[in-house]
Amino acid sequence: MTYDTYLALAAALPGAHTDKPFENDFETTVLRHGEGGKWFGLLMCIPACRIGGAGEERIWVVNLKCTPEEGFALRETFPAIRPAYHMNKLHWITIPLDADLPESLLGDLTERSFDLTAPKRRCRHPNAT
């Protein structure tokens, strides 16, 4: 999947938006919830060797949130899915955009990350006035 295709997929989620918040870094893109601005993903171009690849060739990757159990199962099933680069390795995974994975899986994992990071709704107690 290309950067532009993935960015369109992520930005199409309800209320999602993207930005490039890092000074002097015009590549890294944060995927955010519209309400509250919480991250649900991070797109970066990094050397392949940073996530177990060979060499200094720069590749596009996305970091997505998942449960620890999901992360373990995904890494066991799909060798291209790695512990998160530059983030909590228990709750986040890194996926190269050019990995040999079904595009539907990348879409599902993006939606899952979006759901896991959604702002919590405060419920009023039914007896509150």
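Thr117 is buried, with a relative accessible area of 1%; buried means under 20% relative accessible area, exposed over 50%, and partly exposed in between, with a 1.4 Å probe and protein chains only. The model is predicted, so local features need pLDDT of at least 70 and side-chain atom pairs count only at pLDDT 80 or more, whereas totals for chains, interfaces and linings use all residues. Residues are numbered from 1 along each chain as its sequence is written, and side-chain values use heavy atoms, with hydrogens and water left out.

Thr117 is found in the segment after H3. Helices (H or I, at least four residues) and strands (E, at least two) are DSSP runs, numbered from the N terminus. The side chains of Thr117 and His33 are joined by a polar contact of 2.8 Å. A polar contact is a pair of N or O atoms within 3.5 Å; within protein, one must be able to donate a hydrogen and the other to accept it, and residues adjacent in sequence count only if both atoms are side-chain atoms. Leaving aside residues up to four places away in sequence, Thr117 touches His33, Lys38, Trp39, Phe40 and Lys65, where contact means heavy atoms within 4.5 Å.

Helix H3 covers residues 103-116, which is 14 residues. From first C-alpha to last, H3 reaches 20 Å, close to the 20 Å expected at 1.5 Å a residue; the expected span is 1.5 Å times one less than the number of residues. The buried residues of H3 are Leu105, Leu106, Gly107, Leu109, Thr110, Ser113 and Phe114.

A search of the whole structure finds 3 aromatic pairs. Rings of Phe, Tyr and Trp (its six-membered ring) pair if their centres lie within 6.5 Å; planes under 30 degrees apart count as stacked, over 60 as edge-to-face and the rest as tilted. One of the pairs is formed by Phe22 and Trp39, which are edge-to-face at 6.2 Å centre to centre, with 75 degrees between the planes. Phe22 lies in the loop between strand S1 (16-19) and strand S2 (29-33) and Trp39 in strand S3 (residues 39-47), so this pair ties together parts that are 17 residues apart in sequence. Phe22 is partly exposed, with a relative accessible area of 33%, and Trp39 is also partly exposed, at 27%. Phe40 and Phe114 form another edge-to-face pair, at 5.0 Å centre to centre and with 90 degrees between the planes. Because Phe40 lies in strand S3 and Phe114 in helix H3, the pair ties together parts that are 74 residues apart in sequence. Both Phe40 and Phe114 are buried.

The sheet is open and consists of 6 strands in the order S1-S2-S3-S4-S6-S5, with antiparallel pairing. Two strands pair if DSSP finds at least two bridges between them. S1 and strand S5 (82-83) stand at the edges, each with a single partner strand, so one side of each is left without a neighbour in the sheet. S1 pairs with S2 in the antiparallel sense over 4 bridges, and His17 stands opposite Arg32 in S2. S2 is likewise joined to S3 by 4 bridges, the two running antiparallel, and Thr29 stands opposite Leu43 in S3. S2 and S3 form a hairpin with 5 residues between them, and Gly36 in the turn has a positive phi of about 90 degrees.

In S2, 5 of the 5 residues are buried, so the strand is largely enclosed by the rest of the structure. Both faces of S2 are covered, with Thr29, Leu31 and His33 buried on one side and Val30 and Arg32 buried on the other. In a regular strand the side chains alternate between the two faces of the sheet.

His86 is found in the loop between S5 and S6 and has a positive phi of about 70 degrees although it is not a glycine. His86 counts as exposed, at 64% relative accessibility.

The search of the whole structure finds 0 disulfides, a disulfide being a pair of cysteine sulfur atoms within 2.5 Å. The sulfur of Cys45 is 12 Å from the closest cysteine sulfur, in Cys49, which is too far for a bond. Cys45 counts as buried at 14% relative accessibility, and Cys66 counts as buried at 4%.
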